[in-house]
Amino acid sequence: MKLHEYQAKNILKKFNIPVPNGVTAETPEEAKIAASDLGQTVVVKAQVHAGGRGKGGGVKVVHNPEEAQEAAKTILGSNLVTFQTGPEGVPVQKVLIEQGIDIQKELYLGMVIDGATKGIVIIASEAGGVNIEEIAENSPEKILTIPIDPVLGFQPFQGREIAYGLGMEQNQIRPATNLIQNLYNVFVNTDASLIEINPLVITSNGEIIAADAKLNIDDDAVFRHKDIQEMSDPSQEDPGEVEARENDINYVKLDGNIGCIVNGAGLAMATMDVASASGASPANFLDIGGGADEEKVSKALKLVLSDQSVDLVLVNLFGGILRCDIAARGFILASQEVPEKMKPMIVRMLGTNADEGREILSNSDIDITLVNTLDEAATAINKIK
Ligand code: GDP
Ligand code: MN
């Protein structure tokens, strides 16, 4: 689960991490009032679940309340497009108005769960600011990576190693180490999956401040944090993904045009590979899950069909707890509810009641190609697409 910058900063503050003074505003008038309360230079920042706002016009430094109002007027209500969003952008409903800080240096500090070391790894770089991906690509030697032992936890010597590695001055080593320790505490206490402070700013009077904050919480642990759960903002998410979650369907939208419906995550990935190998690209990952009924299968198909870019639906089911005849009836149910949205389907069904399922489908009005193997599925995709 993703949080907005202002929400993440409120959490950081509770853990004694310095962040700029700021307030959120939902109208240009509120922005003006906030700016006059905060003083001269303020920064108006679009609150969206995407980075790259600076380059996309979502972060504006202004010098008086009227300018803040103007900036808020252009940003609020717009759809902000950044390199991390699709071309349609994400809606901006709030801006964060922050006291401007006098930036001397922009650093990068991040923490993430690392599959290789099976624990948290701290990532830091002297080359902070807007594009860490570029630094990682072009000058990887500028990036420090410190794995943290999950049993021992973060150790002060690791903080010093990072602080020195970031080129900090002697009197900044202790505050920096404390800040990293506090950030590690945030990570562990909120069950985070990722934290990014980019930039971590050194001001002209030597203070260290988190000028930006990205905090993602592990979806499987968020139920342990009711207060964080309440911070969710579905307006920032793909509507299909929100609907899928409400129906307990695992769905991730992708860029391609072949809709995939599968039961089982491993099978879903294999199926997407088949689609890719035949030169097509999957429009989604979808795992219906085990105990689906007709209604849920129909929901899954309707969900896939609601994606405008889907031209063809590839179904790969291994009937077990979910019987193939039930799945077939679910597809028919969907075709009756949204006949105008139906697309050709390639269906592979094996396992419990597969014959019955295939029978039901071949007697239906749906444009269906029944296949027995993934090879045949690939051939069928090529014929249709
Ligand atoms: P992002 O582009 O979505 O990551 O948004 P950031 O919050 O990181 O802002 C982008 C850039 O705006 C930063 O790298 C800074 O250079 C600049 N910026 C952000 N806050 C301030 C501020 O308080 N004062 C000044 N002068 N620049 C800021
Ligand atoms: Mn940033």
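Four elements, namely strand S5 (90-91), strand S12 (214-217), helix H9 (239-246) and strand S13 (250-253), each supply at least two residues to the lining of the largest pocket. Helices (H or I, at least four residues) and strands (E, at least two) are DSSP runs numbered from the N terminus. Please keep in mind that this is a predicted model, in which local features need pLDDT of at least 70, side-chain atom pairs count only at pLDDT 80 or more, and totals for chains, interfaces and linings use all residues. Residues are numbered from 1 along each chain as its sequence is written, chains are lettered from A and ligands numbered from 1 in the order in which they are written, and side-chain values use heavy atoms, with hydrogens and water left out.

Let us stay with that pocket for a moment. Its volume is about 1200 Å³, where a volume is the space filled by probe spheres set on grid points joined across faces, edges and corners. A pocket here is an open set of points, on a 1 Å grid over the protein atoms alone, where a 1.4 Å probe fits, with protein on both sides within 12 Å along at least five of seven lines; lining residues have an atom within 4 Å of a point. The largest pocket has 36 such residues, and Lys2, Gln236, Glu237, Asp238 and Glu241 lie nearest its centre. H9 gives the most to this lining, with 5 residues. By class, the lining holds 13 nonpolar, 11 polar and 12 charged residues, with Ala, Val, Leu, Ile, Met, Phe, Trp, Tyr, Cys and Pro counted as nonpolar, Asp, Glu, Lys and Arg as charged, and the others, Gly among them, as polar.

Now for the second largest pocket, with a volume of about 790 Å³. Of its 38 lining residues, Lys45, Arg53, Asn198, Pro199 and Asp212 are the closest to its centre. Elements that each supply at least two residues to this lining include strand S2 (42-46), helix H3 (53-56) and strand S10 (192-203). Where does this pocket lie? Domain 1 (1-20 + 102-236) and domain 2 (21-100) both contribute to its lining, so the pocket lies between them. There is also a domain 3 (238-384), and the bounds come from an automatic or database domain assignment. The centres of domain 1 and domain 3, taken over C-alpha atoms, are 40 Å apart.

Threonine 190 sits in the loop between helix H7 (170-189) and S10. It is buried, with a relative accessible area of 4%; buried means under 20%, exposed over 50% and partly exposed in between (1.4 Å probe, protein chains only). A polar atom of the threonine 190 side chain lies 2.8 Å from the backbone oxygen of valine 186. Not counting residues up to four places away in sequence, threonine 190 touches Ile11, Leu215, Ile217, His225 and Ile228, contact being heavy atoms within 4.5 Å.

Glycine 51, in the loop between S2 and H3, is buried at 19% relative accessible area. Beyond its neighbours within four places in sequence, glycine 51 is in contact with Thr82 and Gln84.

Leucine 303 belongs to helix H11 (residues 294-305) and is buried at 3%. Leaving aside neighbours within four places in sequence, leucine 303 contacts Gly240, Glu243, Ala244, Tyr251 and Leu286.

Key: A polar contact is a pair of N or O atoms within 3.5 Å; within protein, one must be able to donate a hydrogen and the other to accept it, and residues adjacent in sequence count only if both atoms are side-chain atoms.
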